[in-house]
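Me: I have a model open and want to go through it chain by chain. Can you take my questions as they come?

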Amino acid sequence: MRASLFITCYNDTLFPETGRAVVRLLERLGVELDFHPKQTCCGQMHANTGFRGEAFCQAKRFVRMYQETDVVVIPSSSCVAMIRDQYPGLFEELGNEELRRQLATLLPRVFELSEFLVDKIGVEDVGAYFPHRVTYHASCHGLRAIHLGDRPWRLMEKVRGMEQVPLPNLDRCCGFGGTFSVKNAEVSSAMLGVKLQDVMSTRAEFCTALDNSCLMHLGGAMHRQYAGMRTIHLAEILASTETEPAEALR
Amino acid sequence: MNVPPASRTDSRTKILEEIRAATRTTANSIELSAAYDSIPRTYQRTGRMGAAERVALMIERLREYDADVVETNESGLAATITLQLKASGRRRFVAPQGLPSDWMSSEFEWNVDRGMSAAEIEMCEGVVTGSTCGIAESGTIVLHHSALEGRRIVSLLPDWHLCVLYASRVVETLPEYFARFQQLPAMATYISGPSATADIEMTRIKGVHGPRFLNVIMVQDIGTE
Amino acid sequence: MSHTGYHPVLDPALAPPFPKAVLPVLRNPQLRKNVAHAIDVIQAKRARLVTEKADWQELRTSGAAIRDHALANLGTYLEQFEDRCTAAGGTVHWAADAAEARRIILSILKQESASEVIKIKTMTSAEIQLNPFLEAAGVKAYETDLAEIILQLGNEEPSHIVVPALHVNRSQVRDIFAQSMGLQNLSDDPKALTAAARSYLRKKFLTVPTAISGANFLVAETGAVAVVESEGNGRMCLTLPRTMITLAGIEKVIPRFQDLEVMLQVLARSATGERMNPYTSIWSGVTPGDGPQHFHVVLLDNGRSSILAKKTERQTLRCIRCAACMNSCPVYRQTGGHAYGSVYPGPIGAILTPQLMQMNHAQSLPYASSLCGACYEVCPVKINIPEVLLELRSQVVNQERRHPTKFFDPMYLGMRAANLAFSQAWLFHAAQFFGRMGLKLFTGRDGWIHHLPSLGGKWTQTRDLRGLPKQPFHTWWAARQKETK
């Protein structure tokens, strides 16, 4: 199985360890991974803030870049949601026939990480070992936009040694919302406070999710408050084994 | 913003012009009908319950609203009405113009509504009406304000309302009511429990305006199914 | 002087922008508690009933389709409504804007020599700021809905479209009633408070000959108006007076009587978490001997026809004012309704208010959302609120970026710089390098950033940020590729 990794602009810059974990995990599962060196951003930040023209430039670039690729794997539900939900409208408004055709052929080949594992490779037990108490946060894009459903749980259930604690009010937004976190920083923080109460109540050691965007927001507050809990992307848990534990544990 | 006063007709024309420009439709009535008919309707439109189950559900829902429900059959109806009136401890009642005389026992004072004033109705302690139908799923009683059901004011002002509902006129779902009554009423009131509010801290309080006491007599007038 | 001590401005033309307007609210624990409690109760009730309804999704599909069909043929259906309503004895008026609607209503009241009018709750009348206008013209408007009385007597503003006084708790209500009704020993038990309202209003219902209502639905086929309520004050107002005026937005029309079978099912469950609300009243025109003998409908445009014209935005007009969106909104749960500076708050308010203002005001509202999508999930007529929010955001940006002052606004500068960086890999990588260098100044010994200037400071107000790692992922990958060769 061949796949191309789209790391996402913010993972590349802020969470390279997540990318390294994705590589370790997928290669362990026999995936022949490649990485397009010219990749930058899917355009979500611009689109969601109202800068449509700019978002279109980035979307166009993305679609052209992956024309010849078999499969694109993306460890970020919000970026996948951007591509699936907003690219068609953007290309309808600003694109041309060719771009629309290119997008149509590309869309079925784009996978969020858990979708790739469960649906494309068809695996739930990825051979992971992570002996810690963990709670899972369902990011809104994963939950409502791309409907990941129970995929994350099916993967987490097979992680050896891991104790999973359900998160109360699971479907409530953490308050990140992209530029919302700075444009409406106070409300974002109020929502974060409420979410953090629920996360802390689980007494987990780690809060995990499939999006580093939410985790950056939650983890940033945990760190500020000396909360004694950390965040970790689910890819890093899934990549973790007895012989090669997650980087966060070393 | 200063908008020069426009006459009624001017605004009507202007608004309709804006709407026509916005929707760009020139559908004739056949096209409009066809478009209407193509609206998807895969929601439940017929009941799945048998008559007994349906009537039992209606009674259950009414009781959930704290409505007092008793059952009787057609021959026992008049007596049951009298019993309910006695149990209420009230004496002075309003009767819609079309209320059968054998429903109006002489033990009580009856004021037949032939155009009573609000003040006169206010002096009465209760009202007895018929009903058009019941909708079991939501425990709803439907009034079309026929002579048997009375003007809207008579089932509104008195504090105590006794409503006679025939089992043969209970449907399970709301769409069945709409399917059944093709003759559209000029007025309809749907009653689903006594009035209530949850405006104060979301605490549901019953009986704001409108009758605080709803009593229903379910008349079993259908054979077993 | 408002009773809760909070003075929001609910005029979108005058209200402060959302990020500013939320600040006093976020610092008010009582208000936040009142709102969160109310929201949690309604949410739970709705969830229970929606789970119970096996054909809920099918009802939503039909609800959306019925509303879309009505909107697509709005002119025809409005004319049909007017025709049938007039034939049944009603008089239909058309108001292009709020000012005209107010004038029409006042002239009807003056014709009747009315000095008082009783009102059934209608957000549309708040939209056109009717009460103060009538008061200035010598007509006192009495609200009869319990929440509206609380607001009127307590000098408060509505914060929710279905439960407008949810920000007021029972002891605050007690204080308001005790003061204005002159009741010395009134308890704060909701039962007692409701009983107080009942006796206070009874006299008004029986004596005031003119009433104003809104409409939940206008039925084109029969020229009927449908009013959905819980308390019975609606039935009082539309049965007892001599003259009835119904004010309704033009988008309220549905094609046929039968369509109520969908709309009523989804409205009750969404709005109050009930299978059916206590009272629904439907009437066409005038019935001799029963109810008001003079009946007027005032159809209000006030910006709706311009929303109708826009492809993505038209779905905003499907709204049946159930408030399920604000009940599910994690932002609203923290802020309540006043911060939106409009009588229409929450997710629907965030898209409706700026559009009714022709995008001349309330431009901060489309940004008052984290785009979580909970509203879309619960909307009974499937309004894709996030989609409309994004469309409106791009309109705001297109408006704002023309202003020379915006050129140096950190957000605009940042967005342009980021777009440039994303256009070429080498630019992106250079930006990462220089960004990391710049941020090093702010990175503490523990490898984390605790304070940033300007826009970044909005992040670090409450959150730390981990310092940029030395090696971005793409560099690690390239190095690894080199190694394996």
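Me: Start with chain A. What percentage of its residues count as buried?
Reply: This is a predicted model. In chain A, 59% of the 250 residues count as buried.

Me: What is the radius of gyration of chain A, and what would a compact globule have?
Reply: Chain A has a radius of gyration of 18 Å, and this agrees with a compact globule, because one with 250 residues would have a value near 18 Å.

Me: And what does the C-alpha trace span along the principal axes?
Reply: For chain A the spans are about 55 × 45 × 30 Å.

Me: What share of the contacts in chain A comes from residues 24 or more positions apart?
Reply: Counting contacts with a separation of 6 or more, 78% are between residues 24 or more positions apart in chain A.

Me: Secondary structure next. How many helices and strands in chain A?
Reply: Chain A has 13 helices and eight strands.

Me: What is the strand order in the open sheet of four strands?
Reply: The order is β6-β5-β7-β8 in chain A, and the pairing is parallel. At the edges are β6 (163–165) and β8 (230–233) of chain A, each of which pairs on one side only. On average, neighbouring strands of this sheet are turned by 35° against each other, ignoring direction.

Me: How many bridges between β5 and β6 of chain A?
Reply: Three bridges, in the parallel sense, join β6(A) to strand β5 of chain A, residues 133–136. One residue pair to look at is A:Val134, whose bridge partner in β6(A) is A:Gln164.

Me: Remind me what holds paired strands together in general?
Reply: Backbone hydrogen bonds pair the strands of a sheet, in a parallel or an antiparallel way.

Me: Switching to chain C. Which domains is it divided into?
Reply: Chain C has domain 1, covering 18–305, and domain 2, covering 407–484. Their C-alpha centres are 52 Å apart.

Me: How many residues do chain C and chain B put into their contact?
Reply: Chain C contributes 78 residues and chain B contributes 63 residues. On the side of chain C that touches chain B, 39 residues are nonpolar, 26 polar and 13 charged.

Me: Which residue in β9(C) is the bridge partner of B:Tyr190?
Reply: C:Thr280 is the partner of B:Tyr190 there.

Notes. Residues numbered from 1 in each chain as written. Chains lettered and ligands numbered in written order. Predicted model: local features only at pLDDT ≥ 70, side-chain atom pairs only at ≥ 80, totals over all residues. Contact = placed C-beta atoms within 7 Å. Nonpolar A, V, L, I, M, F, W, Y, C, P; charged D, E, K, R; others polar. Pairing = 2+ DSSP bridges. Helix = DSSP H or I, 4+ residues; strand = E, 2+ residues; numbered from the N terminus. Rg over C-alpha atoms; globule rule 2.2 N^0.38 Å. Buried ≥ 20, exposed ≤ 12 C-beta atoms within 10 Å, placed from the backbone. Axes fitted to C-alpha atoms, helices over the stretch in contact; angles between N-to-C directions. Domains from an automatic or database assignment.
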